[in-house]
Structures are given as C-alpha cells and as structure tokens.
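Visitor: I would like to learn how to read helix packing and domain contacts in a model. Could we work through one example?
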Amino acid sequence: MKAASFAYAKPRALAEALELIARPGAKVLAGGQSLIPSLNMRLSSPELLVDINGLDELKGIRFDKDVVRIGALTTHADIERSDVVKKHLPLLAEAVPHIAHPAIRNRGTIGGSLALADPAAEYPACVLALDATIVATGKEGSRKIKAPEFFKSLFETDLKPGELLTAVEFKAQKKDERSAFVELARRHGDYAIVGLAAFAGNGTKRLAYFGAADRAVLAPNAAKAKDLESAKAALAKDLQPPADLYHSSETKLHLARVLLERAWTKL
Amino acid sequence: MDEAIDTTLTVNGAQVTRRIPARMNLVDFLRDELGLTGSHVGCEHGVCGACTVRVDGEIVRGCLMLAVQANGCKVETIEGLSDSGELAALQKAFHERNALQCGFCTPGMLLAARDLLKHNPKPDREQIRAHISGNYCRCTGYQAIVDAIEDATRTEVVDGQG
C-alpha cells in the first residue's frame, strides 16, 4: 500500500523542530524504518511529518569523562562500526548486529528505536541493562530520564508531547564489569521471540528482557539469585510473558530461562 | 511545509530535479518518475529487500525512505551498477550457479551481496547468509545464491575487480 498524504518539513535548527513537532497531527521522522512501514500500511496517518535528519547536532558518538553520549540520530550502522562503542559499551556492540538487516541498520537510529519503545526491540533492553539516561528536549529545555522510568507501556514512553529524544548517555563499562547479549529469532534480523541484555558489576546484576512483556523489563528477582538454578526459578516471579502468534506464555518463559543459562557464565 | 517538494538528486550519475509528493517512496520515484524499473516493489514495508538501492554509498530499503529525503543525495540503482561493471563478477557467478529463477529478488540480492564484499572481501558462508538475511528469495532456497556469492569472492580476487 501507499502512505496517505501528509505535509513535510525539514527543520535546520532544533528550536524550529521543537516548534513544528508541537503542532497537532505532527510526527517525528528519524530513520523511518518503523514509521514509514506504518505509513505505507496506513496504520499511521500524520498530517505533518517533521524530518529531523537535518539536525546535525543530534548525530554522533562522544566519549567524555567515562560517559558515552550517543546522539539520537546516530544510526545502528554508525554504532556497529564505532570503536568507542566496541571499547566502552561492549553490550551495545554485541546487540547491534541483531537489529534487522544491513540496509535497515544504515537508516534506523537509536533515538527512533528508543522513542518508539517496541517491546521486542534490542535497544530498550540495552539501556535498562546499562542503566543509561535518556535526554529529552522540549521548548523549556532538556531533562534527563533514567531508563527504568522511561518505558511506560506498549509503545509508550515518558516523552511528553512536544518533547524530542535528543541523546542517550551510557556509563562506560569498567574493566571488572561484564555483560552479555543473547536473543532467539527464527531468522537472523527478525524481531526477537525473546532476548536478554545482561550486565554484572560491583556485586549486582541487571537482567533486561525484551519480547517478554509489553515493554523491555528488568528481572530483579532473578538478578538477586545466588546461583543459576535459583535465578531460573525466580524468573517466574519477574516475567509473565504474553503469548504471541507462535509461542505460548510458558514457551516464552522457558526460552527466557534458556537465555539466562547462556548468558550466566559470562556474568 | 508542503505536500509536494522540489527535490534534486543524482541518480546513476545524472542529476534530476522533480517536484515530488512528500508521501512518495524513493523506489516508486525511481520506477514511476524515472522509469528505472530494475528496483522492484515487493512488500512495501521493509521485509523483502527487493527494492534495495544505494544512497550515498550505503544500501537502503527503497520503500522505507521518502524520495524527498534523497534531496542532495547520490542514488545508485541496479541499472547504474550493472552498466558500470561493478557487479560483473557477481552477475557472472549468479548466472553460472543458477542463483536466480524468476529474477524478482535478484537486483536487491546483487546490491546486498556487493555491499557485503565491499565491507568484507572474504566472507564465510555464515557471514554471507547473515548479510542477505534481509532479502527474500522465494525460488532458489538460497543455497545457489550463497554459492554464487562465495564464487564471486574468488573471481574478484583473481580478476582484481571490485
């Protein structure tokens, strides 16, 4: 199918973009790799598309004082090729090749993925596992949102109308910290049946599952467990995965335990 | 903030300017406005890969980019890359290995394969499969396509092409 008609604007400055996205019926176009399919299928029909790709200040990866700041418009391909990410955010480096396919990774952006908050997407689980901070900018200025407060529900985030996700900030992984990323999909690049982004450091673990709830979720009970068997048992308290077309809730919980086993020895 | 926008881009080396409706996808523009029908329209939601084209040197889904977004960009399609000879080794290998039947996926498959060889001249079969995972073929079962891409890695080295 073809998209319904819409007006199009490509602002050159952030202030201009913020003014445009506050208009009724406006939608932000970042990489477009989820928005354009939904336009093509007419699941979405905005009156105005605000193409933010002209805002160069939202692009790029910066490392400064143990913080890696990734601009919202940084593509999956840029993150995949980044030496800073490989060195300081190995979890993210491990996750990116799982996102869709090369042609999509060349366009899709980290900000777009986080703002959409697809429950089966990789980045939301990564920001939870790494306890990252999301930067949202509105007309009144910027505010920082901790990852667990950002994801509210199915495709729902803490972003307010008129706010733009502008960056995400990660603490660089330290030498004694560990991480693991595992996911199950029928075909390489498909959305995960279930996936796990895991982090361990300073005596604590963070286990972030995706494809297992209405949003990416932490599994605090499993993370507190002393050994793998009790962690697997505790996972039932953390996850009640909704069934999808092919997998029952029990199957998904079973697969979440399989992933925990695979990740456990790396943590 | 219009529904039709003046857009100038370079397609296979030639500069074109058109007034384009904002909602028009890049692949529809290439096919309907410029008559470049080598890029195919399959699923129209980014799953099948038949519409793969190159924008500023990187492959993209032609159905997941608006034509107006290509303003100022350099777009290359199967027609241009075929004429330039850049795909010659791959095309020969696809022919010899019978890596196409109906041919619908072939332009996208060739662009994805070329993209792989540009970034990684010596991929193993697993890497080939991962790189073409976003391109559906409903005829061949992929085996012959993987064989052909593997062959092309050898001939490209021997011929010094690409």
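Visitor: In which hand of crossing does α3(B) pass α4(B), left-handed or right-handed?
Guide: This is a predicted model. In it, the crossing of α3(B) past α4(B) is right-handed.

Visitor: At what angle do helix α3 and helix α4 of chain B pack, and how far apart are their axes?
Guide: Two packed helices are described by the angle between their axes and the distance between the axes. Here helix α3 (residues 88–96) and helix α4 (residues 106–119) of chain B pack at about 125°, and their axes are 10 Å apart.

Visitor: Which residues in α3(B) and α4(B) meet?
Guide: An α-helix has 3.6 residues a turn, so residues three or four places apart point the same way. From α3(B) come Leu90(B), Gln91(B) and Phe94(B), which meet Thr106(B), Leu110(B), Ala113(B) and Arg114(B) of α4(B). By class, this contact has four nonpolar, two polar and one charged residues.

Visitor: Which residues in helix α1 of chain B are buried?
Guide: In α1(B), residues 26–33, the buried ones are Leu26(B), Val27(B), Asp28(B), Phe29(B) and Leu30(B). Their cover includes β1 (4–11), β2 (14–21) and β3 (52–55) of chain B. Just after the helix, Gly35(B) has a positive phi of about 70°.

Visitor: How many residues of domain 1 of chain A are in contact with domain 2 of chain A?
Guide: 13 residues of domain 1 of chain A are in contact with 19 residues of domain 2 of chain A. Helix α1 (residues 14–21) of chain A gives the most to the domain 1 side, with four residues. By class, that side has eight nonpolar, five polar and no charged residues.

Conventions: Residues are numbered from 1 along each chain as its sequence is written. Chains are lettered from A and ligands numbered from 1 in the order in which they are written. This is a predicted model: local features need pLDDT of at least 70, side-chain atom pairs count only at pLDDT 80 or more; totals for chains, interfaces and linings use all residues. A residue is buried if 20 or more other C-beta atoms lie within 10 Å of its own, exposed if 12 or fewer, and partly exposed in between; C-beta atoms are placed from the backbone. Helices (H or I, at least four residues) and strands (E, at least two) are DSSP runs, numbered from the N terminus. Two residues are in contact if their C-beta atoms, placed from the backbone, lie within 7 Å. Ala, Val, Leu, Ile, Met, Phe, Trp, Tyr, Cys and Pro count as nonpolar, Asp, Glu, Lys and Arg as charged, and the others, Gly among them, as polar. Axes are lines fitted to C-alpha atoms, for helices over the stretch in contact, and angles run from 0 to 180 degrees between N-to-C directions. A crossing is left-handed if the near helix is turned anticlockwise from the far one by less than a right angle, and right-handed if clockwise.
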